[in-house]
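Please open the model in the viewer and keep the selection tool at hand.

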Amino acid sequence: MARLVVDPVSRIEGHLRIEAQLDGGKISDAWSAGTMFRGIELILQGRDPREAWIWAQRICGVCTMVHALASVRAVENALGIDVPENARIVRNLIAGSQMVQDHVVHFYHLHALDWVDVASALKADPAKTSSIAQSISDYEKSSTTYFRGIQQRVKGVVDSGQLSLFASGYWGHPAYHLPPEVNLLAVAHYLEALAFQKDFIRIHAVLGGKNPHPQTFLVGGMTTAMDPNEPFAVINPEVITRLRELVKGARKFVDQVYIPDVLAIAPLYKEWFSLGEGVGNFLSYGDYSSTNEKDPASFLFPRGIVMGRDLTKVEPVDPSKITEFISHSWYEYSGGDENGKHPSQGETSPKYTGPKPPYEYLEVDKKYSWLKTPRYNGKPMEVGPLARLVVGYAAGQPEIKAAIDGVLKKLNAPPSVLFSTLGRIAARAIESQIMVKRLDTWVDQLDSNLAHGKVTIFNPVHWNPDTWPASATGFGWHEAPRGSLGHWVDIQGRSIKNYQAVVPTTWNAGPRDPMGQRGAYEAALLNTPVADPDRPLEILRTVHSFDPCIACAVHVIDGNGRKYTLPRVV
Amino acid sequence: MLAPESDLGTSLARRGITRRQLVKYCSGMLAMLAMPERYLAQTVSAVSKTKKPVLVWMQFQDCTGCSESMLRSSHPDVADVVLDLLSWEYHEVIMAGAGSHANAVLDRVVKDEKGKYLVVVEGAIPTAEGGAYCTIGGHSAMELAERVCRNAAATIAVGACAFDGGLVRSHPNPTGALGVQEAVPGIKVINMAGCPHNPANTAAVLVHYLTFNDLPALDQYNRPLFAYGRVIHDQCERRAHYDAGRFVTEWGDEGHRKGWCLYKMGCKGPEATFNCPVVQWNDHTSWPIRAGHGCIGCASPRFWDHMSPFYERLPNVPGFGVETSAGEIGLGMTGAVIAGVTAHGLIKMIKPASKPDAPATETRKEA
């Protein structure tokens, strides 16, 4: 039959298109295409590397700040700058709260409607929902009256005939099978999570002035000046109290709402523990150091690689083995489009060869995406929460091992269920719980440093460009909510000669490579049943389980090393 | 499904929100818009209308940061906006449907609500390569913007990219990106500049539109005067330190710990306009200067090219540290905006604007 097209794939960041071939009600082949390109790395050339993070941060506003962090780390690495302990802690706090907030938003606002039938919630008995809620959690909003109020609100929207965001849903699709009472519970928590995400992320405003796009990083540290005795210091004892309250709220939401919901919904969709497996190779750069960012042994999430779903072995990560291909991407390489290039040597020029819009289908046997194709040692890898936990589990990280074993025990399932669509959802919830505990620890450390007069937040050694070498190259890594993120920078004189980001969603969503190997999305969609091609809910389930971020994933570097003179301000 | 339409008053009452609270909420909105209380009754009745106006939110060359920023809206909170105030029917990042079902919603709105619906645009619009740098459902952003904005009652361009191309358009503008008012000339547009836009301002514009069926007064860049009419430096909580000559001279120094002026660290507050210091972000929690970093002028025209390098001190600012100079700096840098406010006064700010004859163009500096 004709190819199935899902475009736009909604409830993701960015512009993603999936084309799939159906055979006998199942997907026999799939193609993942990014359909938007901006060229931010090109725009970065010639600019001051100290401000690269401000620009790079705008690669994405959903996973905001992750590119800021990777960028300052890359420039610090190039110039040989160590950041003070307080800066490391504040960065961990900002990135860790991003991870928790982002995962909650993903589960409730980007993913839940694939599993939760909003229309069915109208048929629920609020008293039964209340007793289910009270049986799985101590969360106080669990009365019959509360759930009846939510139901009335949804009914009001439906009765008005103006269904707003819910107008286009696949309600009544046969693949939905939660009871009405659980659907009502999830709808209530969809609304609670909307309130939670904006309340909790005020932690970014406290430490960075605003969210999205906090404005607080520096090459060499942070702008969050600390002083135990100054009322206008960004971090003082009063602010510590505020941070504590915000973190406490997050811990409560994760423990009492997010985790119980995942554990309640997952067993009702058991078949998805064996669908959506993907490539089976997992990469984690590792991150969140407790002592020294240069020492991977101090990371909360270990650095490593697990190949072929073999949990008995963790391989080290060798940065030189990362390459990017463009054989199926709308770019050209000077040395021929079939050869991969290391990010530090990378080169790209956009060259669109696809159909002229408006188009019906992409030419999937040729070039079909603005995403490139990263490979590690020539192999496709999955990155993200599942990869982090698989690597941590295989490496025997005690906190990760205990958390996963606990969940598997509750689900009465072996570790192999992790390699699935639901496995990714579970991994995201588990790591949120691990992270939210760690946030507390970091606030404690800041508090203690403040009390002991340890207030250094910035290392000025190379702020002045006169102290820089004639040329310097470096890279910065970060484990972002969606996975392993790397920025590579080449500094010549006082400005950026070349800049590149290799981004989590590029690893997962990239098109196939010259050897024809599929990336994680394309592999995970194979054999997925599609009950109704007009309403391809099952495709959304697996694609959403990766939490796509396409704006991040599309990027370009320029091989000509083109430079230009910046326009003067006035 | 098509039962009698419910109004906001009823749906709020169902959630235990009294008319008194509704009036209080509308009153807060008026304060934001600098509108006198005599408009209160009109506002309350407008937000309680029977049929909710339809809104579609288009994402083009964006980072989704402006959508995320809207999700952080607190007064009203986002669920109220999306479910009760408006019928928010198309918004890729949060809408239920995908693919053909999503496209069908957009087609229906453009056809059935022609001339009546609002469109929010996030992201720049690429014009090079026949529009291939951004496609949705196989259609180019150019084509979609033309169709969806041209048929709307008004277009709200949120964020720097939709305003004037933003970061995507900055040098060397690899994709020929433009802001909405240049890509779709002649439409009725309001620009909520900023990176991202501030959701409090955008919510206020929505309420203004619901009340007066028109946009608030605009400056020469089609930005609402209530939010973009005043220089940041004049509203800054660190202003007294500037006047007294107390400056941060190195990150983390005594001045930095004490919250002194960031002018010498490259702060662009003296030449940027925005109500950021007053409205602040994330439910009035903070703003960048309070977090110890200089302003980057993100609500200004073509700010990426014109306000950078961000860590370089503004050149030739006359007599900094002297009390009388700051106003002059602001006037010099953003003269037209200030002059506009002074000339037309508050009355002009609160009345619905008439659309300027020609789309605003960048005049201050050329990249």
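How many helices and strands does chain A have? Select chain A: 16 helices and 16 strands are present, where helices (H or I, at least four residues) and strands (E, at least two) are DSSP runs numbered from the N terminus. This is a predicted model, in which local features need pLDDT of at least 70 and side-chain atom pairs count only at pLDDT 80 or more, while totals for chains, interfaces and linings use all residues. Residues are numbered from 1 along each chain as its sequence is written, and chains are lettered from A and ligands numbered from 1 in the order in which they are written.

**Chain A as a whole**

Keep chain A selected and show its C-alpha trace, which spans about 70 × 60 × 55 Å along its principal axes. The radius of gyration of chain A is 24 Å, close to the 25 Å that the globule rule gives for 570 residues, so chain A is as compact as a globular protein of that length. The radius is taken over C-alpha atoms, and the rule is 2.2 Å times the number of residues to the power 0.38. Of the 570 residues of chain A, 62% count as buried (20 or more other C-beta atoms within 10 Å of the residue's own, with C-beta atoms placed from the backbone).

**The interface between chains A and B**

Next, select both chains. Their contact takes 97 residues from chain A and 91 residues from chain B; two residues are in contact if their C-beta atoms, placed from the backbone, lie within 7 Å. On the chain A side, the largest share, seven residues, comes from α6(A). That side divides into 50 nonpolar, 29 polar and 18 charged residues. Here Ala, Val, Leu, Ile, Met, Phe, Trp, Tyr, Cys and Pro count as nonpolar, Asp, Glu, Lys and Arg as charged, and the others, Gly among them, as polar.

**The domains of chain B**

Colour domain 1 (51-215) and domain 2 (232-338) of chain B separately; such bounds come from an automatic or database domain assignment. Their C-alpha centres lie 30 Å apart. The contact between them takes 14 residues from domain 1 and 13 residues from domain 2.

**A strand pair in chain B**

Finally, select β7 (residues 154-158) and β9 of chain B, which run parallel and are joined by four bridges; two strands pair if DSSP finds at least two bridges between them. B:Val158 stands opposite B:Met192 in β9(B). From β9 (residues 189-192), B:Val189 and B:Asn191 point one way and B:Ile190 and B:Met192 the other way, and all are buried.

How values were computed. Buried ≥ 20, exposed ≤ 12 C-beta atoms within 10 Å, placed from the backbone.
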